[in-house]
Amino acid sequence: MSKIPSGHPDALGPVAEGPAVPSRRRRARPEKESWTKPGVATVAIPSEQFTFNLKPREIARHLDRFVIGQTEAKKVLGVALCDHFQHVRMTKEGVDAPFYQKQNVLLLGPTGVGKTHLIRSAAELIGVPFVKADATKFSETGYVGGDVDDLVRDLVRKAGGNVKRAEHGIIYLDEVDKLATRGESGGRDVSGRGVQTNLLKLMEDGDVPVVSPNDMNAQIQNAMTAMRGNGSGQPETINTRHILFIVSGAFAGLDQRIRSRLLTSATSGAVDAPGSASKASRLSTDELLAEAMTSDFIQYGLEPEFVGRLPVRVACHGLDADDLFNVLRKSESSLIHQYERAFSAYGIEVGFTDAGLRSLARLAGQENTGARGLMTVCERVFRDLKFALPSSKVRRFEVTPELVADPRKALRELLKGGR
Ligand SMILES: Nc1ncnc2c1ncn2[C@@H]1O[C@H](COP(=O)(O)OP(=O)(O)OP(=O)(O)O)[C@@H](O)[C@H]1O
Ligand SMILES: [Mg+2]
């Protein structure tokens, strides 16, 4: 039986509509998993072939299956990912572009609206190694917390030890707003700047040793393997020229800084559109974030060199109750599949009415944590039902607004009827 969870992109077949998007499984390269630890030269490297033939619209359509809304982000990501991986493919085919500039991406937007979900789903589709980490876990020196070079080594691990595959992976760094060192963010400390500086060379074109200089065990094992002459031809460094960096953050307070910039330029006459000052004062957070400029991020506390290496920027919007309903009803990664599965393990069928889902979505909206609020609400609503129903005779129940409003009462009635 497949171990892939339902809703996970790997669990799915090709897209139903339009030209079929090649499934990841079909493109998967034969992997030889003899790798045990980075730096231990025991890997048999499979012949490296990089195939990529997706178009931006195909990526966006694939993302539509899992991520509700975020149309602009899907479009921007589709284009950036296609540009990058078409370039990688052509380079590997010998068509070089010496002046190519990488399209690293900066995604901004509130918590729980699908930023990680978008990137993870896209990486699954493309079939490249993917590493996600929080920027807050790194420190400038790497002594406390991690060293940003570890991200690149993690990519090798995700690529089954194949350095060549890792060299065209995706590194996704969340919470980069916490690296801000001054300005409105109230930044964490000076080491945030050091981490940004360390990231600079990786984001452009750097070489990272496959074996961490801080990992003495791997260093010794590597030296012994080399002495025995058992080297596999595995490169000693990983080049980051073709590794795509996608960073994201909530950037709390950035919207107000953008508003004051827009108001200042409107009142100083820099913007001559009539009414632009009153327009700027009425813009919503989502609309303001869509106006973010390099100078806003610099004032927020990011280093100009860091922001400058993130030329593609897009804001994800907040999710309203309708979006949250669609996350439950339409997304293939919907939480309701998880609940159906949990109850079906005890032979219990659960039906979700649209009205019941709308009630869940309304409650989740009040949590202000995006789609994560759905998990919080569902956990609360289904807690007693999950505890009691497996030991009862109840074999089916429906999730209605009444059940969502008072799950204990609904449970009592179900148990009465199930006896
Ligand atoms: N737009 C969406 N469509 C469908 N599901 C979503 C959407 N947004 C979030 N989810 C669900 O919520 C979960 C959390 O979302 P995700 O991890 O993408 O949030 P995020 O935007 O990265 O938040 P954070 O800034 O806190 O990291 C996802 O695993 C997914 O199940
Ligand atoms: Mg995230």
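Q70 sits in the loop that joins α2 (56–66) to α3 (71–92). The model is predicted. Its chain has a mean pLDDT of 83, and 79% of the residues reach 70 or more.

**Confidence**
- Residues 1–47 have a pLDDT below 50.
- That stretch still has 91 contacts in the model, beyond near neighbours in sequence.

- Q70 is not a glycine, yet its phi is positive, at about 55 degrees.
- Q70 is buried, because 26 other C-beta atoms lie within 10 Å and the cut-off is 20 or more.
- E175 is not a glycine either, and its phi is also positive, at about 60 degrees.
- E175 belongs to the loop between β3 (170–174) and α7 (191–204).
- Is E175 buried, exposed or partly exposed? E175 is partly exposed, with 15 other C-beta atoms within 10 Å.

**Nonpolar core**
- The largest nonpolar core holds 106 residues.
- α3 supplies the largest share of this core, with 8 residues.
- Where does the core lie relative to domain 1 and domain 2? Domain 1 (9–251 + 292–315) and domain 2 (321–418) both give residues to the core, so it lies between them.
- A122 and L360 have the most contacts inside the core.
- Leaving out residues up to four places away in sequence, A122 touches I59, L63, L77 and L81.

Technical notes: Residues are numbered from 1 along each chain as its sequence is written. Chains are lettered from A and ligands numbered from 1 in the order in which they are written. This is a predicted model: local features need pLDDT of at least 70, side-chain atom pairs count only at pLDDT 80 or more; totals for chains, interfaces and linings use all residues. pLDDT is the predictor's confidence in each residue, from 0 to 100. Two residues are in contact if their C-beta atoms, placed from the backbone, lie within 7 Å. Helices (H or I, at least four residues) and strands (E, at least two) are DSSP runs, numbered from the N terminus. A residue is buried if 20 or more other C-beta atoms lie within 10 Å of its own, exposed if 12 or fewer, and partly exposed in between; C-beta atoms are placed from the backbone. A nonpolar core is a set of buried Ala, Val, Leu, Ile, Met, Phe, Trp, Tyr and Cys residues joined through C-beta atoms within 7 Å. Domain bounds come from an automatic or database domain assignment.
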